[in-house]
Amino acid sequence: MLRCCRVCRGVRDSGSPREKSFLLTSQWYSEAVIQMDRAIRRLEPWKIAVIVVSVIVGLALIIGLITFLLCHDQDRYYNASFLITNVDYNPQYERQTTDEFRNLSEDIETMVSEVFRGSFLSKRYIRSHVVSLSPDPVGVLASVVLVFKFPSADSEATTWGQVHRVLLRRLKATSTYLDVDKSTVRLTELNKEKGDNLLNNCCGIRRQAFSFTGVERITGGQRAREGEWPWQASIQLDGAHRCGASIISNTWLVTAAHCFRGVRDPRRWTASFGILLRPPKQKKFVRRIIVHERYSDQLLDHEYDVAVVELATPIEFTSDVHSVCLPEASHIFPDNASCFVTGWGALENDGYSVNQLRQAEVRIISTAVCNRRQVYGGAITPGMLCAGYLEGQVDACQGDSGGPLVHANSRGIWYLVGIVSWGDECGKPNKPGVYTRVTYYRNWIHSKTGI
């Protein structure tokens with residue numbers, strides 16, 4: 001016993017600092033464990049459950065985030081170019097708004113869609129869009145943007161290889177009406193910024209597919225969604241919404257002349273973009289306002305109701321803000337064609353503007369019908385067109401003036417048909433909306449803007 005005590009005392013007295021530290025740490029840890037055990041015993045069961053659930057939820061969120069980052073689908077863009085040898089180049093291909101460009105582009109896009117829809121990439125393929133048709137000594141060189149959705153974890157080299165392989169294997173076999181020289185096929189991967197820029201600089205394109213639920217009213221009807229009508233603009237006098245307008249380039253808008261009745265000083269005007277008036281996606285100052293020379297503020301015949309607005313700085317084109325296509329002067333939009341009119345106008349006659357953009361589906365009404373005695377009694381001239389329904393209800397209203405009436409062609413490209421001009425109140429039977437006919441003033445617009 002004495003020996004033992006001395007040994008213990010000797011170790012205790014003469015032990016090294018490291019040994020002392022270890023003993024103190026062990027003792028502290030033991031006491032901490034005991035205290036924690038006592039604390040846990042004192043916790044009520046519901047508190048323990050909350051802690052356990054919180055830990056599980058936290059782990060689930062972390063795992064979910066990691067899974068999302070590794071496995072979610074992302075858009076991938078490619079530029080495909082190839083030579084079509086059985087089509088002679090036409091100078092009309094230089095303008096994307098011509099019927100010649102539309103017809104050949106539609107054939108090309110149909111062919112490319114058949115290539116991928118019939119392959120193992122059918123669920124990955126989103127769309128194709130012809131961005132240019134260039135001359136070649138033996139035909140036409142087509143440049144096409146392809147959009148796919150691939151898992152983000154898939155390597156760029158792998159997905160490029162899959163797209164390239166399908167394109168080479170199926171391109172010529174799929175086409176029954178276009179001869180493609182397979183030796184000229186080139187496929188380049190584009191980053192998101194470059195892919196977006198190529199598409200956003202194509203007029204009349206919408207990046208998303210939107211479904212419509214039939215006839216809706218601006219006056220009390222359907223609200224527009226982000227990116228649905230990217231060419232819509234608001235022109236504002238001293239900061240307050242006055243009229244709608246349409247983007248036709250990154251520096252030019254087209255609208256109604258009557259919007260500037262009595263106030264043409266560009267310093268008092270601004271333009272905003274996006275579906276909300278407040279806050280807008282973008283806002284620009286106005287440099288110049290050009291009203292048609294033959295428009296009169298005093299006369300109430302609504303003739304020559306067109307104006308163009310030059311912005312002080314260019315719009316930054318995005319998927320939510322970019323231009324609509326202007327039709328050729330010779331283009332004819334058929335009677336009864338489905339169109340959409342959009343704006344921030346009043347929900348009822350003499351009402352107030354709304355903050356979120358609204359839309360209405362209307363149909364073109366022939367001038368002969370619109371000039372009937374019970375409708376507008378001969379007031380509709382060649383520079384105007386009617387759209388809406390003789391039974392009323394669906395119409396533009398005050399505050400929609402200057403805004404776009406648009407129609408989609410067979411490629412899904414949207415063209416500016418009309419400019420909201422005038423009407424007898426809003427939505428009255430036999431009083432459809434009257435619009436400035438864009439094709440009638442197409443050459444005048446070109447003479448002022450170069451577009």
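I started with Y441, which counts as buried at 3% relative accessibility. For my own reference, buried means under 20% relative accessible area, exposed over 50% and partly exposed in between (1.4 Å probe, protein chains only). Y440 is partly exposed, with a relative accessible area of 47%.

Housekeeping, before I go on. I am working with a predicted model, where local features need pLDDT of at least 70 and side-chain atom pairs count only at pLDDT 80 or more, while totals for chains, interfaces and linings use all residues. Residues are numbered from 1 along each chain as its sequence is written, and side-chain values use heavy atoms, with hydrogens and water left out.

**Rings**

Rings of Phe, Tyr and Trp (its six-membered ring) pair if their centres lie within 6.5 Å; planes under 30 degrees apart are stacked, over 60 edge-to-face and the rest tilted. My search of the whole structure gave 15 aromatic pairs. One of them, F148 with F150, is stacked at 5.7 Å centre to centre and 20 degrees between the planes.

R206 has its charged end over the ring of W229, 4.7 Å from the centre. K431 does likewise over Y376, at 5.1 Å.

**Barrel**

Next I traced a closed barrel of six strands, in the order β5-β6-β7-β10-β9-β8, with antiparallel pairing. Strands pair if DSSP finds at least two bridges between them; helices (H or I, at least four residues) and strands (E, at least two) are DSSP runs, numbered from the N terminus. Between β9 (residues 282-291) and β10 (residues 307-311) I found five bridges, and V286 has L311 in β10 as its bridge partner. Helix α8 (residues 442-449) packs on the sheet, touching β7 (252-255), β9 and β10; contact means heavy atoms within 4.5 Å.

**Cores**

Which residues touch the most other members of the largest nonpolar core? I noted I247, L253, F260 and F273, in a core of 51 residues. Such a core is a set of buried Ala, Val, Leu, Ile, Met, Phe, Trp, Tyr and Cys residues joined through side-chain atoms within 4.5 Å. Among the elements that each supply at least two residues of this core are β15 (414-422) and α8. Another core, of 31 residues, lies apart from it and includes A80, V112, Y125 and L171.

Terms used
Axes fitted to C-alpha atoms, helices over the stretch in contact; angles between N-to-C directions. Lys NZ or Arg CZ within 6 Å of the ring centre and 35° of its normal.
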